[in-house]
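Please keep the structure open while reading.

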Amino acid sequence: MKHLFSPEGEAALADLLRLQPLLAFDFDGTLAPIVARPEDARVAPAVSRRLARLTERWPVAVVTGRQLADVRDRLGFEPGCIVGNHGAENLGDPAAAERLSRALDGARDLLAAQGAALAAAGVSVEDKGQSLALHYRLARDRDRARIEIESLLARTGPELRSFGGKLVFNLVAADAPDKASAVHALVRATGAGAALFAGDDLNDEPVFAAAEPHWLTIKVGHDEAATGARFFLDSPAEMPRLLDRILAVLDAG
Ligand SMILES: O=P(O)(O)OC[C@H]1O[C@H](O[C@H]2O[C@H](CO)[C@@H](O)[C@H](O)[C@H]2O)[C@H](O)[C@@H](O)[C@@H]1O
């Protein structure tokens, strides 16, 4: 996999921008650097200023594992669309959203029963409606925290699906939409000719895997996880340079 600012990456970006693409971004680890506490995550002004300018002229979306109500005030700009809960929130179907949230009720009961043990192991729980996040970044003994979480996950049924992330386990309904279906739906809804999608985590991999050949997919950061993205950026600190490249093409056109 090559860096986006390699000659191959620059050429792929130039080709993509001729197709009037949707520009879609993950939040944590992509627009906002990873921080110890989820409540401290924010988009840097250097990034939000550029995204605000882009949003005036191009379809821009944020597709995040967070809840909409949580992420909105962390952005510093107003994108054309935000999809939350790993692709399951804000798809315009309130009945489906309600069903996806109710599917987690059994897990909520398990969490209540196992709450003291999880808290003692340093696990914090985020209930986001259509998904649950069990964080263990701040646990003193991360192995012990993982064991507690895995024992809870082992007691959930086939109506739920779990997947990992950055020092977190996530739980959603087995049939919950993922970020890939969300990005495809946004491309259709905006009439965009392609998509650029940048993300850093496991919940972004379905987008990379289901991308059309003419899309541009970018993994942000380096970790051991295999990725299906075509190009990479070293960190969210490279985001202003990417956005400047896109703005320059728009200014030239
Ligand atoms: O899809 P994303 O926008 O990347 O959201 C994924 C999860 O991000 C948050 O957790 C992660 O970021 C935190 C802040 O940097 C970090 O402290 C935590 O360890 C990470 O797992 C968020 O809290 C979750 O709800 C999102 O699902």
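Which residues in α1 meet which residues in α9? On the α1 side they are Glu10, Leu13 and Leu17, and on the α9 side Leu242, Arg245, Ile246 and Val249. By class, this contact has five nonpolar, two charged and no polar residues. The model is predicted.

**Packing of α1 and α9**

- Two packed helices are described by the angle between their axes and the distance between the axes.
- Helix α1 spans residues 7-17 and helix α9 spans residues 239-252.
- The two helices pack at an angle of about 45°, and their axes are 11 Å apart.
- The crossing in which α1 passes α9 is right-handed.

**Positive phi at Gln20**

- Gln20 has a phi near 55°, which is a positive value in a residue other than glycine.
- Gln20 is found in the loop between α1 and β2, the latter covering 22-25.
- Gln20 counts as exposed because its relative accessibility is 54%, and the cut-off for exposed is over 50%.

**Positive phi at Leu167**

- The phi of Leu167 is near 55°, again a positive value in a residue other than glycine.
- Leu167 has its place in the loop between β7 (160-165) and β8 (168-173).

Technical notes
Residues numbered from 1 in each chain as written. Predicted model: local features only at pLDDT ≥ 70, side-chain atom pairs only at ≥ 80, totals over all residues. Heavy atoms only, no water. Axes fitted to C-alpha atoms, helices over the stretch in contact; angles between N-to-C directions. Helix = DSSP H or I, 4+ residues; strand = E, 2+ residues; numbered from the N terminus. Left-handed = near helix turned anticlockwise from the far one by under 90°. Contact = heavy atoms within 4.5 Å. Nonpolar A, V, L, I, M, F, W, Y, C, P; charged D, E, K, R; others polar. Buried < 20%, exposed > 50% of the residue type's maximum accessible area, 1.4 Å probe, protein only.
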